[in-house]
Amino acid sequence: MSLITVKNLSVAYGANTVLRDVSLVVEPGEIVTIVGPNGSGKSSLLRAIIGATEPASGEIFLKPGLKIGYVPQRLHVDPTLPITVERFMRLTDRVSKADCRSALAAAAVPDLLKRQMSRLSGGQFQRVMLARALINRPDVLLLDEATQGLDQPGSAAFYQQIETVRRDTGCAVLMVSHELHVVMSASDRVICLNGHVCCEGAPAVVASAPEYRALFGTGTGGALALYRHDHGHDHNHDHPQSHEVDD
Amino acid sequence: MLDDFMTRATLAGVGVAFAAAPLGCFVVWRRMAFFGDATAHAAILGVALSLALNISVFAGAMAVALIMALVVTLLAGRGYAMDTLLGVLAHSSLAFGLVAVSFLSGIRVDLMAYLFGDILAVSRSDLVVIWGGAALVVALVAWRWSALLTSTLSEELAYASGLDPKREQLILTVALAITVAVAIKVVGVLLIAAMLIVPAAAARGLARTPETMAVIATAIGAISAVAGLQGAYVLDTPAGPSIVCVAAILFAGLNLIGWRNRSGA
């Protein structure tokens with residue numbers, strides 16, 4: 001059974017419709033990436049899936065008992081709120097100290113248990129959030145621009161971690177990003193979103209789809225393609241994996 | 001034992017500290033300080049109405065505080081910033097309350113008692129209301145602790161774990177209204193926000209987790225109540241402000257110690 005099924009979803013804020021007739025399915029164990037320009041409704045889609053936004057129409061089915069591990073776009077820990085990494089790991093689930101330790105070790109940030117959340121670097125913070133999301137063995141991991149604020153090597157390493165997690169635990173991943181070249185190499189399926197689903201498929205297929213190129217320029221030209229719209233340039237990459245950093 | 005007015009006053013002060021300190025932590029973390037202040041100011045209208053209608057001051061103050069908090073929550077995000085709405089509603093209801101009180105002929109209303117509290121006049125039945133209200137607030141906050149903390153850190157995280165942050169916000173609002181209502185007699189509407197915020201702020205430097213901060217804040221609030229009342233008795237100063245003064249001195253002292261330790265280390 002599919003983990004998440006979205007059928008003909010529309011989301012509107014007042015008179016402003018941000019998503020029209022969006023359908024998608026997330027199957028167990030697959031990595032699905034949603035790409036789209038700013039304001040394309042990527043975050044609204046995730047918010048609707050977790051129940052933070054009421055759909056204007058359409059339906060969202062979650063597999064009964066589905067455990068979601070969520071990594072938000074940005075999390076601001078107010079400096080007046082003291083909280084150690086260990087306490088943060090236990091925020092929503094009762095877990096043992098040993099489980100906290102192993103989850104942090106798996107996220108490549110061991111030895112942080114006693115540190116204050118507000119003292120972590122951006123990369124450490126995102127990895128702790130990932131570890132927290134994974135600690136209760138979720139069926140699906142939702143990531144909303146989880147690498148915002150990380151530099152390029154940092155976000156590449158973060159997405160490699162996601163692939164490792166999927167390999168080791170078999171959990172599905174649904175993520176939203178605009179860092180095209182990094183995320184596309186890690187995905188099984190890419191959904192290109194701009195208010196509606198423009199195109200969908202394997203990374204290589206999407207990268208060469210005319211709808212995608214109209215939005216992002218050609219190939220896997222990197223995040224800068226977002227702004228360049230390099231339409232004259234025309235060759236299709238069959239192996240997006242080989243393009244880690246090519247802008 | 002309860003025949004002694006100082007004993008009753010001390011019990012009343014400690015009761016308010018128990019409710020205000022843990023709730024105050026959330027007020028500080030969520031940057032709702034002005035919200036607490038505004039809710040308290042609005043309560044004076046409730047005081048005036050309950051005097052005019054001859055109902056319990058506690059009920060009137062709580063009803064108005066609750067209505068104000070709910071109206072602000074409803075209106076927020078419809079074009080006005082939160083602090084603008086609070087400023088309009090809170091100070092308007094304070095002004096209407098003060099004007100309404102002036103119409104109340106027949107009874108001599110000692111407004112100062114509601115603005116700054118009248119802790120030395122706490123009766124046995126006041127004690128029941130204060131401790132009942134405080135117990136309710138502590139129970140609410142303890143029951144929703146984990147959900148409140150998650151919603152405070154991130155709305156999305158709360159939704160993803162199956163919580164409703166809007167409901168948690170409502171619970172905080174209700175707890176705040178109850179606290180304001182029970183604290184009127186003790187510190188008065190002008191100093192309630194201090195009982196919420198000062199102990200929590202003083203506890204911040206000593207705490208490493210949210211739970212320890214709430215516990216330390218409660219201790220600081222209780223110490224302030226006891227020491228403030230003793231100070232007021234010895235020095236013949238107003239009781240409510242004396243309690244807040246002790247809390248403020250503790251805040252300054254703990255910060256100085258923390259600052260010295262950090263720079264010395």
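About 410 Å³ of space lies in the second largest pocket of this predicted model, a pocket being an open set of points on a 1 Å grid over the protein atoms alone, where a 1.4 Å probe fits, with protein on both sides within 12 Å along at least five of seven lines. The volume is the space filled by probe spheres set on the points, which are joined across faces, edges and corners. Lining this pocket are 17 residues (each with an atom within 4 Å of a point), and Ala103(A), Ala106(A), Leu134(A), Arg137(A) and Thr169(A) sit nearest its centre. Two or more lining residues come from each of α3 (97-106), α4 (122-134) and α5 (152-169) of chain A; helices here are DSSP runs of H or I, at least four residues long, numbered from the N terminus. The biggest contributor is α5(A), with 5 residues. Sorted by class, the lining has 10 nonpolar, 4 polar and 3 charged residues, with Ala, Val, Leu, Ile, Met, Phe, Trp, Tyr, Cys and Pro taken as nonpolar, Asp, Glu, Lys and Arg as charged, and the rest, Gly included, as polar.

Now for the largest pocket, which holds about 710 Å³ of space. Its lining counts 18 residues, with Arg30(B), Glu155(B), Pro165(B), Lys166(B) and Gln169(B) closest to the centre. From chain B, α8 (155-160) and α9 (165-187) each put in at least two residues, and α9(B) gives the most, 4. The class tally for this lining is 8 nonpolar, 5 polar and 5 charged residues.

Residues are numbered from 1 along each chain as its sequence is written, and chains are lettered from A, with ligands numbered from 1, in the order in which they are written. Local features need pLDDT of at least 70 and side-chain atom pairs pLDDT 80 or more, while totals for chains, interfaces and linings use all residues, and side-chain values use heavy atoms, without hydrogens or water.
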